[in-house]
Amino acid sequence: MVRHTQLLHPQRPPAALRTAATVLLLRDSTDPDRPGVEVLMTRRSMTASFAPGAYVFPGGGIDAADAQSHDIATRRATQGDLHLTQAIAAIRESFEELGVLLAHRADGSPVDDSDIATLDRQAPFAAQCRASGLMLDACGVFVLAHWITDRDLPRRFDVPFLVARMPEAQQPVADEAEQFEPVWVRPAEALERHEAGAFFIIFPTIRTLERLQAFANVQAVLDACAVNDEPLWTSCPRAGVLAGRESRHMEHEPPFGELALVCPDGQIAHSLDWQHEQPVHLLRNVQRLTAPNPGFMTGPGTNSYVVGDPATGHIVIDPGPDDAPHIERLWRAAGGRIQAIVCTHSHPDHSPGAPRLQALCVAAGLGRPPILGLPSLPTARENSRFVPERALADGEQLVLTGPSGETPVCHTLAVIHTPGHAANHLCLLLVEDGLLFTGDHILNGSTTVIDPPDGSMGAYLDSLDKLADRCRQHGVDFILPAHGYVLGDLRASADNASAPAEGGALVAIAKLKAHRLQREAKVARAMQATPEGTLDDWVRLAYDDVPERLWPIARRSLMAHVDRLQSLGGFNE
């Protein structure tokens, strides 16, 4: 866990969560030219305290009476008490706001507008249903998603987004107090109208509609939700600033981990724009400066990291290419006080800048920081030759210490040898703050290329296991890669919207390993299908989900998978 003394922004508690429930009433489109799902949405009052004027799904707070109404509701065998209460709340809210009632009469027949006309939308709901002998159709209400309002907002809700089929023979009528203008709309149409500025919707609604448009019909939605009666996704988004505008992101999106690290309490204060002129402060003791070498293989550029503070001096990780302006900016970011320069591996966008950075320190009379790392092996390509001044040992610790008031400050980088992407690759773990610097071993937004013979898929997977062990030992939540934003897949929970079930780094590593093994299984199937095939034949089958223009690069990692499969005794060319 990051030390609070290293956070850039003062800690602050988020607003308390209020429980609520929202329901998406769905129907199948009857237009043969525009098939798919339609969802019922309404416009919120312009005086509403939350999202005024936004088009939303009906819903509201969960009342104590909802939990006391289980006796007048049907339920599925897999529908627990909490989900039943949520379903009842959603049914009540859709009735109060839109006059839509998911219920049936005592004889089992569905209610229609004539039944609804006898009920008072302002009177206690459950009592009226009991008096009329109505049973709520909660068994037909499923949990689609679980949204927790962003940490920066003053009013926050813990809300399941539920789905149900719209009853036949009923017409929605807005209450004209909280909700107005009920409209049936296809998800894609709602998103298009929002982009055009004619249909205001907020972030959770946008993301829900984006996922809903993937379903062919209402039954497909309900079937997906019924698999295990749990949300298809859970999210407590985070916000930063991108191109001068507020930008919100879910857990699976690349910026989320960086926002969790820099602004853990939800402050909208961190710029997500990639730039190369100024270092980006991630913590008080960690800066990132991205080299001006954006490209197909490097993304926005190679990230150089400066670890430390004025009291301790600094260690620079991956000085990057030998680009004079970039190296000078690195030197200035450290105030010239550089204790060591560490290269995670020998590739040309990581290590060549080290001698120039060292020379700047010498010329300024600030000492000669050693260039550290692991020497490249003979298997390395010609442009990836690297010999450090001192070879680091697996498990070695690089320690920065210095006075800071009454308590000395310390920053410890533990060295972890992680062959796979390159034979001389290493990662660094900032012990006190639980940060893992992964070079090219783990990236954000893509998977690293494993290029034999210097690269090895077997060694790569073993190194992932090794990193997982270290992360488990040190409670690592965040991964700082050489390309892309900080990676941290933190899982939100209803009672603590920032608490992960386990370290975010462990979640990310597990996902990455699963992805690699799934790809390897496709490679094995391709080899089985065409045992006399070539690497190009196998790429076409095993990477059919990857654009063809990327196949020449994918071919390298495929070779690594083939080598591993053959080493396991599975296949021979």
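Which helix holds Ser132? Ser132 is found in helix 4. The views below start from the whole chain and then close in on single places. The model is predicted.

**Figure 1. The whole protein has 14 helices and 24 strands.** The C-alpha trace spans about 90 × 70 × 40 Å along its principal axes. The protein has 573 residues, and 55% of them count as buried.

**Figure 2. Ser132 sits in helix 4.** Is Ser132 buried, partly exposed or exposed? Its relative accessible area is 42%, so Ser132 is partly exposed. Now find Arg105. Ser132 and Arg105 are 27 residues apart along the chain.

**Figure 3. The largest nonpolar core has 34 residues.** Seven of its members touch the most other members: Leu25, Ile91, Leu101, Phe125, Leu136, Val141 and Leu162. Which elements give two or more residues to this core? They are strand 1 (17–28), helix 2 (81–98), helix 4 (125–132) and strand 8 (156–165). Helix 2 provides the largest share, eight residues. In soluble globular proteins, nonpolar side chains tend to be buried together.

**Figure 4. Leu25 is in contact with residues from several stretches of the sequence.** Leave out its neighbours within four places in sequence. Leu25 then contacts Glu38, Val39 and Leu40, among others.

**Figure 5. Thr22 lies in strand 1.** Thr22 has a relative accessible area of 11%, so it is buried. What does Thr22 touch, not counting residues up to four places away in sequence? Its partners include Phe57, Pro58 and Gly59. Thr22 also touches Val159, Pro160, Phe161 and Leu162.

**Figure 6. Glu181 and Asp318 each have a positive phi, although neither is a glycine.** Most residues other than glycine have a negative phi. Compare the two places.

- Glu181 has a phi of about 55°. Its place is in strand 9 (residues 179–185). Glu181 counts as partly exposed because its relative accessibility is 40%.
- Asp318 has a phi of about 60°. Asp318 is found in the loop between strand 16 (313–317) and helix 9 (324–333). With a relative accessible area of 2%, Asp318 is buried.

**Figure 7. Cys236 is found in the loop between strand 10 (233–235) and strand 11 (238–242).** Is Cys236 buried or exposed? Cys236 is buried, because its relative accessible area is 0%. Gln213 is 23 residues from Cys236 in sequence. From C-alpha to C-alpha, Cys236 and Gln213 are 21 Å apart.

**Figure 8. The peptide bond from Pro452 to Pro453 is cis.** Its omega is near 10°. Most peptide bonds are trans. Where is Pro453? Pro453 is found in the loop between strand 23 (435–439) and helix 11.

**Figure 9. Helix 11 has 18 residues.** From its first C-alpha to its last, helix 11 reaches 26 Å. That is close to the 26 Å expected at 1.5 Å a residue. Which residues of helix 11 are buried? They are Met457, Gly458, Tyr460, Leu461, Ser463, Leu464, Leu467, Ala468 and Cys471. An α-helix has 3.6 residues a turn, so residues three or four places apart point the same way. The buried residues of helix 11 pack against strand 21 (409–417), strand 22 (426–430) and strand 23. They also pack against helix 12 (504–529) and helix 14.

**Figure 10. Helix 11 (residues 457–474) packs with helix 14 (residues 551–567).** The angle is about 85°, and the axes are 8 Å apart. The two helices are therefore roughly perpendicular to each other. Helix 11 makes the contact with Met457, Gly458 and Leu461. Helix 14 uses Ser557, Ala560, His561 and Arg564. How do the residues of this contact divide? Three are nonpolar, three are polar and one is charged.

How values were computed. Residues numbered from 1 in each chain as written. Predicted model: local features only at pLDDT ≥ 70, side-chain atom pairs only at ≥ 80, totals over all residues. Heavy atoms only, no water. Axes fitted to C-alpha atoms, helices over the stretch in contact; angles between N-to-C directions. Helix = DSSP H or I, 4+ residues; strand = E, 2+ residues; numbered from the N terminus. Parallel < 35°, antiparallel > 145°, perpendicular 65-115°, else oblique. Contact = heavy atoms within 4.5 Å. Nonpolar A, V, L, I, M, F, W, Y, C, P; charged D, E, K, R; others polar. Core = buried A, V, L, I, M, F, W, Y, C linked by side-chain atoms within 4.5 Å. Buried < 20%, exposed > 50% of the residue type's maximum accessible area, 1.4 Å probe, protein only. Expected span 1.5 Å × (residues − 1).
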